[in-house]
Amino acid sequence: MSFPAPKLPVSLVANPRLSSWVKFTGDGRVAISPGKVEIGQGIVTALAQIAADELDVGIGRIEMVRASTATSPNEGVTSGSLSVQQSGRALRHACAEVRQRFLAAASERLGVDAALLDVDDGTISGPGNVRTSYWELAGDVSLDHNATPGAAAKLASRRAVAGHSVQRVDIPDKVFAQPRFIHDRALQGLLHGRVLRPDISGARLIALDDTAARADPGLVAIVRDGGFAGVVAESEATADAALKVLRKGATWSASEPLPDEDDLAGFLKGQPIETTIIDTKPASSPREPARTLRRQYTRPYIAHASIAPSCAMAQWDGDRVHVWTHSQGVYLLRADLAIVLKLPAGNIVVEHLEGAGCYGHNAADDVALDAVLLAKAASGRPVRVQWSRHDEMSHAPFGAAMAIEIEADLDADNEIVGWRHAIWSNGHAARPGRAAQPALLAATEIANPYPRMISTNPPATNGGGGDRNSVPLYDLPAWTITSHRLLTMPVRTSALRTLGGQGNVFAIEFLLDEIAALRGEDPVAFRLRHLRDERARDVIRAAARRAQWKPQKQAGIGHGVGFARYKNTGAYCAAIAEIEGADDIRVKRLTLAVDVGEAINPDGVVNQIEGGAIQATSWVLKERVRFDRSRIISTSWTDYPILTFSEVPAVDVEIIQRPEIEPVGAGEAAHGPVTAAIANAVFDCLGVRVRDLPITRNRIIAAMELAS
């Protein structure tokens, strides 16, 4: 029997140099330099666990180096719950090979067969009490070599750190107020910048009287480049005051009309589109349906709503610029900056610092270009730009609104014989660094502006965009899945956590519940009957068992179930929601089961599932970008409410640990199942189906009136 030749993990193929991943420092520590970044998901801890295991060193010796285009491997963007899957595999292989190289060097120095040597916390020892260490050998062992496919990582049974919960390595700084976040970093000689932007959508600055703004002695510069304008000052207070005065001297062009917020489905279906058939499955034995259910589901535009607004710093040195950012893709941001600045990429260093919240393509990249442009007027001093809450909620990309139509053909017994799923939505991705034109906001405002990028969708092989999770995992006899991507974009959209996955899982799982109810069949049993994948069945059974599905019916209490496998290739997750329907819907408890393969840090997995479940609850019950026909009006927490601490449900998570299966990410697995579970629980409680998110009191009343 022949076996396929071993292959390098994808991130090692792109960045094969071992020294770019691992370095042994003189203080008895190990510097690990991944290309993925910490955005609150605990990735630096999970990667430290993997490195500690493969190198046989204590996790306390691991120093995780922040991503920088000057030194780090280029792993693209930290997104799609791929950090453990991509960076973890690459790091595991790299560290295994590094360990082998040091064992070979120790064998030669000690005169002992490498197979007889052990490594314990970096000390290499063998028979006769001979010993050395990684640090003693570091001068003799060069890691300036490309990784080779043959290195063998440890068996899961021999891993001492991975698979166990350890304390997050990034938490102590945050608890004890060390300046880990970019918002808290203060560079020497730091100046502060603010950018002037319109209140009305799509307007352009056509005239600016800056006479009054120049009167403040703390003002360093007023910067204008076409429609881009801003101020640089010695303090934040001066910058804010100068911007307020500058705004009074601004003249703007007319606005672009925004859609009718109360008819988003009509807007989405009435625009120019690009249509793609995502998947088809013909029936092996076609049957004539006895009836067809036609249902429409909508989701609004959703803001990233990071607790802290976006922030960046930039400093010029001649024709070179250094940028500090909480971007999810430092190399991709550098590529767009190079286009706008017309500089070689080598003249730009982009260094990551953590930000307080992200969840996708928010304004982190936009504010970085703002800082770079303003810093040109700072005579070599660094400039820090922080957006206001109003800026963040008006000008950052939003998660795209969606209209989803499903037609389910049923036979006389209400069994599914056909399924057609159609999506209308803007594209869900307009990240920097992926096109010949930049995706950054200020690039559309400068004197020689670039056009606003129309968002696209990642290919289905990468998980898709608007079509993500639209192909059923259930064993249905036939289906056709169609995506209609809008070719206009009056509301700026890009990647928000799960992309189209939340909307599609909501629609699929909600309709399945309706069909189960028509049949008088338990919704958990109905799902299990239509699934062949045992891992899928296991998470549903585990969540149902843990939630004690289904308790005796109580007035005012509802229960619902939802399931998905993220991108249909990643983590499996099932959710049971318990809700209370009084004046408003209140989610009392969420019970989830998740299968991520090998859970590197189980506590980290639980944290990610809990966070996703709570965020999904906020999306389902509250979140909706509001606008009139000329401007975004949900520019504060009052106008864009999110779930408060007193409204957070109890969340109970069970991990199905599978150490023999390669790990996948958990960050986006819970949103779709939780959305569907809450919506299904609302029906169980109140007897009405609300197919438009968010599920508010007004929408419930409207559904009741329609049902009556």
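The model is predicted, so to speak plainly: local features need pLDDT of at least 70, side-chain atom pairs count only at pLDDT 80 or more, and totals for chains, interfaces and linings use all residues. Residues are numbered from 1 along each chain as its sequence is written, and side-chain values use heavy atoms, with hydrogens and water left out.

**Salt bridges**
- The count comes to 55 salt bridges (a side-chain nitrogen of Lys or Arg within 4 Å of a carboxyl oxygen of Asp or Glu).
- Arg-99 and Asp-56 pair up at 2.8 Å, N to O. The two sit 43 residues apart, with Arg-99 in helix α3 (residues 83–110) and Asp-56 in the loop between α2 (43–55) and β3 (62–64); helices (H or I, at least four residues) and strands (E, at least two) are DSSP runs, numbered from the N terminus.
- Both Arg-99 and Asp-56 are buried, meaning under 20% relative accessible area, with exposed over 50% and partly exposed in between (1.4 Å probe, protein chains only).
- Glu-354 and Arg-180 form a salt bridge at 2.5 Å, N to O, and they are 174 residues apart.
- Glu-354 counts as buried because its relative accessibility is 6%.
- A network of salt bridges links Glu-38, Arg-168, Asp-170, Asp-173, Lys-174, Arg-180 and Glu-354.

- Asp-336, in helix α8 (residues 330–341), is buried yet has no salt bridge.
- The Asp-336 side chain does reach the backbone nitrogen of Ala-439, at 2.7 Å.

Terms used. Lys and Arg count as positive and Asp and Glu as negative; His and the chain ends are not counted. A polar contact is a pair of N or O atoms within 3.5 Å; within protein, one must be able to donate a hydrogen and the other to accept it, and residues adjacent in sequence count only if both atoms are side-chain atoms.
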